[in-house]
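Okay, thanks everyone for coming. Let me put today's structure on the screen, and then we'll walk through a few parts of it.

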Amino acid sequence: MPTETFEFQVEARQLLQMMIHSIYSNKDVFLRELVSNASDALDKLRLEALRDDSLGADVSDLHIAIEPDQEARTLTVRDNGIGMSHDEVVQLIGTIANSGTAKFLRELKEAESTAAADGLIGQFGVGFYSSFMVADEVTLLTRRAGESHGTRWVSTGEGTYTIETVDDAPQGTAVTLRLKPEDSDDQLYDYASPWKIREIVKRYSDFITWPVRLAAEPASPDAGAPEAAGEEGAPAGPETLNSMKALWARSREEVTDDEYHELYKHISHDWNSPLETIRLQAEGTFEYQALLFIPAHAPQDLFVQGYKRGIQLYVKRVFIMDDCEALMPPYLRFVKGVVDAQDLSLNVSREILQQDRQIQLMHRRLAKKVLSTVKDMMSGEPERYATFWREFGRVLKEGLLSDFENRDAILGVSSFATTHGEDEPTTLRSYVERMKEGQEHIFYLTGESRQAIESSPHMEAFRAKGIEVLLLTDPVDEVWVEAVPEFDGKQLRSVAKGEVDLGTDEEKKEAGTEREKRQQEFEGLLTWMTGRLSDNVKEVRLSSRLTVSPACIVSDTNDVTPALENMYRAMGQEVPHVKRILELNPGHALVTGLNKAYSERTGDAGLDDLEGAAQLLHGMALLAEGGELTDPAGFVKLLADRLERTL
């Protein structure tokens with residue numbers, strides 16, 4: 001039959017030139033594209049054979065064969081799938097039949113980085129053209145199932161291609177590449193090397209439904225026993241490179257826990273088995289399957305900037321991306337697993353994923369599924385939940401700041417140390433159920449450790465009245481408590497902020513009367529101390545939260561805490577210094593003695609002598625809560641002088 005020569009469509013020619021001139025940095029993916037195309041062809045043949053009994057196609061051993069020839073520097077990817085007719089070859093290979101091609105080319109030219117270019121390739125069904133990144137010439141031989149003649153297509157990518165009809169083509173499609181010379185500097189490797197082929201197939205196509213077979217290496221004439229020889233010197237058969245075990249596509253009953261654990265170890269590089277395995281299958285307008293794992297231990301670098309997070313993304317069992325961040329929120333970055341979508345294009349970029357509506361829907365559903373699994377673990381397997389919270393509670397609480405949609409769900413699966421029990425953390429729900437009669441708020445205190453918080457003067461009145469306080473020691477706690485106003489209608493309130501009014505209505509009434517009396521008694525001292533300490537505090541007032549300590553430092557209800565101030569500054573954000581409030585315990589001997597001394601001194605000279613005592617009281621209150629003195633040396637000198645006078 002005569003050979004016909006055609007010119008590529010203008011857009012196709014432009015694209016070929018870009019391919020040939022290596023705009024794609026990761027050239028390994030050409031093989032992924034060819035294997036994926038072959039897999040699609042096998043899927044179509046199986047479906048067509050079921051629909052059409054008269055097709056007469058052989059479906060007994062559907063597979064993909066990869067045949068390298070290192071001597072001839074060629075690589076053939078062959079399938080016995082549906083194949084293509086003459087007209088289909090012209091239509092599908094010679095042109096880019098897609099209305100978005102011009103836009104694609106424009107975006108490709110405008111891509112500022114190779115990474116951006118990498119993401120754009122293939123979005124418009126141009127995977128086949130990636131062959132020209134690694135080949136000087138591409139030959140395609142194909143015969144459609146049910147037809148008697150085949151078609152051969154040949155091109156060097158220079159602007160034209162030839163097509164001829166052939167009589168002896170096997171059913172399916174074979175793509176033969178005449179490979180370019182190896183150039184490792186340009187990331188152009190030896191793609192006729194069996195080890196390189198194994199590496200690429202294992203990475204990108206391990207879970208393809210059909211067997212991907214590597215032809216046996218020819219025996220070396222110089223070797224005494226050929227490397228690829230089987231028993232009694234017989235040539236070995238082809239080697240199947242892929243596992244074909246897409247565990248997420250199989251029912252739970254067909255897969256053992258050991259198989260799930262092996263997959264987890266493979267994708268996470270963790271030696272331990274996962275704490276929990278999560279399966280999810282979505283059907284309807286957008287189909288995908290997910291197999292997620294919660295690790296048993298937090299990785300060492302979980303809080304390190306640049307931590308690689310995300311889920312492996314597959315499209316129809318073809319590997320697309322290793323760390324697809326768009327599928328999982330940052331506060332669930334410890335979750336590992338696989339998502340296999342049916343309706344995404346093969347080479348979606350990370351930028352496009354962030355804006356893709358289907359990806360956003362998957363993101364939302366996957367997050368909800370993980371949180372519901374943790375909730376089930378909490379109620380049904382408390383020991384496993386305790387392990388989860390110990391390892392990942394700190395990072396999960398980050399979601400209280402970023403995921404408003406799931407905030408209630410995150411609060412529902414969170415647990416906190418509490419004064420109710422030293423060993424058992426509590427949920428907010430359990431706290432609310434234990435609240436005392438007349439208690440209106442959920443009380444908490446943040447600090448560096450449980451011991452530091454329990455020793456804080458702020459806890460004294462709460463301890464005396466037996467009121468439960470949450471003990472929050474993670475750095476993120478300083479931030480989320482400011483962002484979460486309430487739980488179940490109960491306001492979250494720091495015991496180190498604002499005024500404290502505890503007890504029943506009757507007790508509050510009695511305390512109010514006593515407070516007014518005390519206020520009049522200490523009015524002069526409080527006003528004088530407020531003026532003398534104005535560089536450091538905004539107010540000096542009497543305290544209703546102290547029972548043992550002479551004084552404490554508190555913040556106004558809506559003020560930023562010192563710890564949060566320091567955190568912002570550590571992140572490079574300058575925040576104005578907030579003056580706090582010094583509270584005095586009117587029942588403490590030191591405070592009553594100071595008030596008596598103030599009342600007895602009438603002249604300014606006498607009051608000047610009391611200023612040192614006021615400064616000491618303020619410094620002691622700062623140290624008691626674990627704060628830092630602005631002038632440690634001055635404080636020590638003042639303390640030494642006072643001690644000297646008492647001796």
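**A sheet, then a pair of helices**

Strand 22 and strand 23 (residues 580–584) pair in the antiparallel sense, over four bridges. Quick word on terms: two strands pair if DSSP finds at least two bridges between them, and helices (H or I, at least four residues) and strands (E, at least two) are DSSP runs, numbered from the N terminus.

Before I go on, this is a predicted model: local features need pLDDT of at least 70, side-chain atom pairs count only at pLDDT 80 or more, and totals for chains, interfaces and linings use all residues. Residues are numbered from 1 along each chain as its sequence is written, and side-chain values use heavy atoms, with hydrogens and water left out.

Back to strand 23: its Leu 582 is the bridge partner of Ile 553. The whole thing is an open sheet of three strands, ordered 21-23-22, with mixed pairing. Strand 21 (537–542) and strand 22 (551–554) are at the edges with a single partner strand each, so one side of each has no neighbour in the sheet.

Now the helices. Leu 371, Val 374, Met 377, Met 378 and Gly 380 of helix 9 meet Pro 382, Arg 384, Tyr 385, Phe 388 and Leu 396 of helix 10; contact here means heavy atoms within 4.5 Å.

Last stop, Asp 190, which sits in the loop between strand 7 (172–179) and helix 6 (194–204). Leaving out residues up to four places away in sequence, Asp 190 touches Gln 70, Arg 73, Glu 182 and Lys 196. That's my tour, thanks!
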